[in-house]
Amino acid sequence: MKKLNLGQAFSCAKTEYIKWVCDARMIILGVLLIFIYSFAIEPLLKNAEEMGEPLNILEPFIAIANSGAILLIIPLVFLTLIADFPKIDTNTVFYIIRVGRVNWLLGQIIKLVMMALSYLGFIFLGAVVPMIGRGFWYNGWSNVATQFAVRFPEKSGNFGVQLLPENLYNQLPVFSAAIQSYLLVFAYLMIIGLLLLAFSLIKKKTMGFVLCGAVISLGTAFCSIKTMLMWSMPMANSIIWLHFTKYFRQPVVSLTFSVIYLCTFIAALIVFCVAAIKKFNYDNVAEIAV
């Protein structure tokens with residue numbers, strides 16, 4: 001077993017990450033941005049125009065990261081983009097032998113971190129850039145978010161209002177909501193990627209892909225019916241407003257619980273991957289793809 005070498009691990013991650021960024025599948029991101037703009041940003045802008053007030057620049061991103069419908073699409077698109085992660089073929093096997101099993105595994109985890117961060121960073125820019133010159137930058141919620149339903153009670157049920165519920169703006173300042181939303185959704189995406197990695201190392205990649213789909217779909221279903229079972233899935237633990245009631249400070253489930261849940265899930269998967277790579281059999285590499 002070769003010694004841990006961070007330089008080799010980062011080099012492995014960098015090489016594979018560049019290949020991932022240049023993949024033709026990245027065109028899907030353009031479609032995703034169009035969907036996000038139509039589904040989340042446009043309704044907020046319409047409310048702002050009707051009210052004659054600006055939005056906070058960060059509010060569309062916060063809305064995106066806390067919408068159950070969009071948080072079904074975001075991990076599904078991510079899963080599609082990383083469907084061949086980790087890419088293991090005959091050439092990869094020789095590379096693993098050269099750099100060492102643990103170094104290769106660390107490189108894959110670093111690559112996953114880079115993919116998840118840049119994917120969310122792209123979504124963040126897609127939500128913020130259209131707001132430049134049309135919103136303000138301040139650690140406070142806009143009147144559009146907090147007062148639209150009061151000023152137009154007959155439109156209190158419109159989608160733009162639902163995107164930023166009281167559970168958000170009555171409980172957290174804007175900057176905290178944006179940062180926590182980014183980190184929690186990042187942890188959710190890490191779990192999806194680590195599940196793929198773990199099942200690939202035991203040569204059950206198709207099973208891992210199906211399990212990722214089940215985690216996403218069950219999380220969405222449980223959140224939609226608001227059952228306590230939703231807290232057993234990463235999705236509910238990554239949506240901030242579900243943790244709070246509309247008005248009272250006492251949380252339904254504490255954010256600390258969700259952070260511990262997500263971190264424990266990630267740590268357990270990494271430990272499993274370390275154990276699996278040590279027992280990884282180079283024979284019949286083609287089995288990894290099935």
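## A buried charged pair

E16 and K111 are both buried, meaning under 20% relative accessible area, where over 50% would be exposed and anything in between partly exposed (1.4 Å probe, protein chains only). Keep in mind that this is a predicted model, in which local features need pLDDT of at least 70, side-chain atom pairs count only at pLDDT 80 or more, and totals for chains, interfaces and linings use all residues. Residues are numbered from 1 along each chain as its sequence is written, and side-chain values use heavy atoms, with hydrogens and water left out.

The two residues form a salt bridge, with their closest N and O atoms 3.5 Å apart. Here that term takes a side-chain nitrogen of Lys or Arg within 4 Å of a carboxyl oxygen of Asp or Glu. E16 sits in helix α1 (residues 6-21) and K111 in helix α6 (residues 101-128), so this pair ties together parts that are 95 residues apart in sequence. Helices (H or I, at least four residues) and strands (E, at least two) are DSSP runs, numbered from the N terminus.

## The other salt bridges

How many salt bridges turn up in a search of the whole structure? The count is four. One of them joins D23 to R25, whose closest N and O atoms are 3.1 Å apart. D23 is partly exposed at 26% relative accessible area, and R25 is also partly exposed, at 23%. There's a network here too: D23, R25 and D84 are linked by salt bridges.

Another bridge pairs E53 with R151, this time with 3.9 Å between the closest N and O atoms. It links distant parts of the chain, 98 residues apart: E53 is in the loop between α2 (27-51) and β1 (55-56), while R151 is in helix α7 (residues 143-151). E53 counts as partly exposed at 24% relative accessibility, and so does R151, at 45%.

## Where α4 meets α6

Back to α6, the helix that holds K111. Its axis and that of helix α4 (residues 70-81) come within 12 Å and cross at roughly 135°. The axes are lines fitted to C-alpha atoms, for helices over the stretch in contact, with angles from 0 to 180 degrees between N-to-C directions. The two helices are therefore oblique to each other, the label left once angles under 35 degrees (roughly parallel), over 145 (roughly antiparallel) and 65 to 115 (roughly perpendicular) are taken out.

On the α4 side, I74, V77, F78 and L81 make the contact, meeting L112, M115, A116, Y119 and I123 of α6; contact means heavy atoms within 4.5 Å.
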